[in-house]
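Visitor: Can we go through a few spots in this model? I'll jump around a bit.

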Amino acid sequence: MASDFDELEDLVMADMRKTYSEQVIDHFRHPRNVGVVPDADGYASVTGPCGDTMEIFLKVRGDKIATASFWTDGCGPSIASGSMTTELATGKSVAEAWAVTPKDILNGLGGLPEENEHCALLAADTLHEALKDYVALKKEPWKKGYRQR
């Protein structure tokens with residue numbers, strides 16, 4: 001016999017499937033690459049127009065992104081967008097990661113409702129800012145010691 005909690009979870013999931021793709025639900029419920037990367041080579045924190053903040057941390061080896069992780073205080077679509085963005089960036093060169101667009105994130109997630117598409121933009125913007133930070137620190141590595149995160 002299913003518990004009240006299981007029944008509630010089934011109802012919530014059925015409701016979510018009316019709005020979100022299976023990829024969005026999967027990345028929201030089981031986000032990839034969540035957390036802080038100590039001593040990141042590239043880091044950014046961006047707050048979107050909706051008030052959600054996303055952070056992206058990059059470790060670069062050679063010219064390839066070896067590790068990309070994120071943290072957000074945002075909604076399910078923000079979590080899913082951050083998760084997908086780190087998957088898209090990991091293993092790519094810095095130039096290839098720079099080419100990741102909100103459309104790539106939306107495609108990877110199977111789309112988002114129009115009112116949530118800004119979450120993909122927030123994730124892409126945060127990735128690009130983390131890449132800018134990486135490039136700037138590569139030129140002046142001494143500044144890494146003064147970074148807040």
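**Contacts and helix packing**

Guide: Leaving aside neighbours within four places in sequence, Ser69 is in contact with Asn33, Gly35, Val36, Val37, Glu55, Ile56, Phe57 and Thr86. Bear in mind that this is a predicted model.

Visitor: Where is Ser69 found?

Guide: Ser69 sits in strand E3, which spans residues 64–72.

Visitor: Buried or exposed, that Ser69?

Guide: Ser69 has a relative accessibility of 5%, so it counts as buried, the cut-off for buried being under 20%.

Visitor: What lies 2.6 Å from a polar atom of its side chain?

Guide: The backbone oxygen of Gly35 is at that distance from the Ser69 side chain. Gly35 is also one of the residues listed as contacts of Ser69.

Visitor: Switching to helices. At what angle do H3 and H5 cross?

Guide: Roughly 105°, with the axes of H3 (residues 76–89) and H5 (residues 102–109) coming within 9 Å. Angles of 65 to 115 degrees count as roughly perpendicular, and H3 and H5 are therefore described that way.

Visitor: Which residues make the contact?

Guide: From H3, they are Ala80, Ser81, Met84, Thr85 and Leu88; from H5, Asp104, Ile105, Gly108 and Leu109. By class, that contact has five nonpolar, three polar and one charged residues.

Visitor: Last one, Val135. Which helix is it found in?

Guide: Val135 belongs to H6, residues 118–139. Its relative accessible area is 37%, so Val135 is partly exposed.

Visitor: And how many residues apart are Val135 and Asp41 along the chain?

Guide: They are 94 residues apart, and their C-alpha atoms are separated by 8.9 Å.

Note on methods. Residues are numbered from 1 along each chain as its sequence is written. This is a predicted model: local features need pLDDT of at least 70, side-chain atom pairs count only at pLDDT 80 or more; totals for chains, interfaces and linings use all residues. Side-chain values use heavy atoms; hydrogens and water are left out. Helices (H or I, at least four residues) and strands (E, at least two) are DSSP runs, numbered from the N terminus. Buried means under 20% relative accessible area, exposed over 50%, partly exposed in between (1.4 Å probe, protein chains only). A polar contact is a pair of N or O atoms within 3.5 Å; within protein, one must be able to donate a hydrogen and the other to accept it, and residues adjacent in sequence count only if both atoms are side-chain atoms. Contact means heavy atoms within 4.5 Å. Axes are lines fitted to C-alpha atoms, for helices over the stretch in contact, and angles run from 0 to 180 degrees between N-to-C directions. Angles under 35 degrees count as roughly parallel, over 145 as roughly antiparallel, 65 to 115 as roughly perpendicular and the rest as oblique. Ala, Val, Leu, Ile, Met, Phe, Trp, Tyr, Cys and Pro count as nonpolar, Asp, Glu, Lys and Arg as charged, and the others, Gly among them, as polar.
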